[in-house]
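Please open the model in your viewer and keep the selection panel at hand. The stops below each begin with something to select, followed by what is to be found there.

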Amino acid sequence: MTDRLSIALAQINPAAGNLAANADRLRAARAEAAARGADLVVCPAVGLSGAPLLDLAALPAFLDAVEATVQALAEDTADGGPALLVGAPWRGDLGRGDSGRDGSKRHNAALLLDGGTIAAVRFQAVTDSGEVGGPEEDCFDSGPMPGPVNVRGVRIGLLIGGDLTTGDVAETLAESGAELLVAMLASPFAPGRADERVQAAVARVVESGLPLAVVNLIGGQDERVFDGGSFALAPGGRLVAQAPLFAEHLLLTRWERGDDDGWDSSEAETIAPAEGTEALYGALVLGLHDAVTKSGAPGVAVGLNGGLDSALVAAIAVDALGPERVLAVRAPLPGSPEAEFAGALADSLDDAAEIVELLGCRLDNVALAPLLKAADSLLAPAFAGREPAVAVDRMHSRLRAATLAALAERMGALLLSSVDRTDRLLGLAPEEMGCGYAVLADVPKTAVLELARWRNGNQPAGSRGPAGLVVPDRVLTRRMKAETPAGLPPAEALDDLLAGLLDGGLAPVGLMARGHAAETVAAVWQLVVQAEAGRRRAPPGPQVSRRPAARLRRFPIAGGFTDLP
């Protein structure tokens with residue numbers, strides 16, 4: 001009978017669909033785990049394929065490639081090294097043998113590879129559990145209630161994705177003779193979600209009486225940011241090991257059988273997770289880093305206007321990629337809002353130059369005046385006798401965006417939008433055209449200020465940027481004094497109104513009870529509905545809130561119903 005078992009939790013950052021590269025990551029993790037004496041290496045749910053897969057998970061050719069890659073990994077385990085638990089999409093209904101390869105269904109699976117073969121396959125049983133266990137975009141079929149798998153003489157119960165969120169699966173495993181529980185997750189970041197995962201795990205430990213090791217995916221992919229934070233709980237729910245957020249990590253846990261035949265673990269490596277503003281900043285950095293590196297882009301371009309949003313985006317980009325991969329472009333629009341807030345265009349130019357000096361990145365200056373003058377002259381006959389101010393302003397913003405996009409294309413870089421969630425929801429972001437990634441797409445205007453203040457006083461873990469001040473004090477002061485467009489409340493009230501209206505689904509009476517005037521609620525609602533087309537055209541960005549803007553209720557683009565809900 002085995003009395004000791006070492007389990008390595010491989011918190012890896014796969015690229016969705018890149019099976020060869022992801023398999024190499026698993027091989028590297030297994031080699032490191034073997035050198036540290038591990039008996040079993042556990043990767044996150046869909047760790048081989050990456051996530052979210054969207055419709056890729058339904059393509060037969062992709063699923064064929066997954067099976068071939070898993071088989072190759074299984075053959076590697078004939079070397080006598082540690083067993084490997086791999087997460088991947090898998091066809092089958094487990095009705096034709098334990099391999100489950102002959103069914104018509106598609107599952108979120110855990111595959112035990114040991115001794116050169118696929119030793120066991122288990123499917124996620126609970127698929128409608130929210131995002132504590134995994135992303136909702138990849139729709140998998142529910143599998144049967146699982147039994148434990150045998151690893152080196154120890155019966156291990158597997159919880160895959162949403163199986164962690166209910167007591168039913170853990171109870172079934174315990175009743176089936178499981179001695180240890182292992183959870184494989186692909187759970188994305190949101191404020192407070194790391195605590196929710198720990199709380200769900202504690203509940204499973206208390207209910208089943210079994211210890212539990214949890215491994216979670218990390219990495220940015222499309223609009224998702226998976227935050228890691230893998231951990232292990234001894235009987236009673238005692239935390240014995242924890243990996244960091246937002247970084248690849250191999251967390252080794254060692255377990256021993258006690259006199260009562262139960263398993264326990266002494267304290268191992270424990271890294272306290274980031275919280276609050278620090279965690280939000282880390283999610284944005286990881287999301288941007290992976291959006292660039294996984295796309296193969298050499299770097300990014302950021303249009304600096306001296307305002308806070310663009311300054312924060314530039315700081316995040318430098319932290320994520322290093323100053324040598326960030327190009328700042330100063331291309332001010334005469335008469336632009338940022339110039340008005342500064343009192344003079346020269347102040348905005350000076351602030352942009354100071355931001356670049358603080359961050360150490362490269363700066364290009366572009367004079368837009370000749371281009372704008374030519375465009376105004378070209379369209380002057382069409383605007384004759386009319387009030388063209390709004391149309392001209394939007395045209396100027398779009399010409400600036402097109403210029404920035406051309407500069408980014410010149411170096412093959414990803415052009416970053418600096419528009420925040422508040423402005424995107426209200427349709428106040430015409431310059432997003434041509435951008436490839438919107439770092440602040442899910443960050444309210446008030447949170448932008450909090451993030452900038454936090455970064456000025458802290459250097460994030462793993463930062464490639466400088467310590468100390470990165471956003472000049474004058475830029476912060478100007479944001480605090482800035483006025484919102486006519487008819488809209490200050491930023492704090494505006495973000496609260498949008499959160500109540502869209503995230504909370506409050507009726508007008510509920511919003512007015514929170515101090516918002518009826519006419520303000522109506523005006524904001526009109527802007528949100530009218531901005532639908534722009535939001536659909538907007539570039540992707542990291543989802544970092546509970547109910548991000550990209551997944552809010554959608555409205556007809558040319559609909560005629562604008563009454564409040």
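Select Tyr281 and Trp454 to begin: both side chains belong to buried residues, where buried means under 20% relative accessible area, exposed over 50% and partly exposed in between, with a 1.4 Å probe and protein chains only. This is a predicted model, in which local features need pLDDT of at least 70 and side-chain atom pairs count only at pLDDT 80 or more, whereas totals for chains, interfaces and linings use all residues. Residues are numbered from 1 along each chain as its sequence is written, and side-chain values use heavy atoms, with hydrogens and water left out.

The structure holds 2 aromatic pairs, a pair being rings of Phe, Tyr and Trp (its six-membered ring) with centres within 6.5 Å, stacked if the planes are under 30 degrees apart, edge-to-face if over 60 and tilted otherwise. The ring centres of Tyr281 and Trp454 are 5.4 Å apart and the planes stand at 40°, so this pair is tilted. Because Tyr281 sits in helix H5 and Trp454 in helix H12, the pair ties together parts 173 residues apart in sequence; helices (H or I, at least four residues) and strands (E, at least two) are DSSP runs numbered from the N terminus.

Next, select Leu288, Val300, Ile316, Leu416, Val439 and Leu440, which have the most contacts inside the largest nonpolar core, a set of 53 residues. Such a core consists of buried Ala, Val, Leu, Ile, Met, Phe, Trp, Tyr and Cys residues joined through side-chain atoms within 4.5 Å. Among the elements that each supply at least two residues of this core are helix H5 (276-293), strand E16 (300-304) and helix H12 (445-457), while H6 gives the most, with 11 residues. Apart from this core lies another, of 36 residues, including Val42 and Ala213.

Now move to Ser208, in helix H4 (residues 193-208), which is buried at a relative accessible area of 17%. The Ser208 side chain reaches the backbone oxygen of Arg204 at 2.7 Å. Leaving aside neighbours within four places in sequence, Ser208 is in contact (heavy atoms within 4.5 Å) with Ala170, Ala174 and Leu181.

Finally, select Leu245, Phe246, Ala247, Leu286 and Ala461, which, of the 32 residues lining the second largest pocket, lie nearest its centre. Which element supplies the largest share of this lining? That share, 7 residues, comes from H5.

Terms used. Polar contact = N/O pair within 3.5 Å; in protein donor to acceptor, adjacent residues only side chain to side chain. 1 Å grid on protein atoms, 1.4 Å probe; cavity = no way out; pocket = protein on both sides within 12 Å on 5 of 7 lines; lining within 4 Å.
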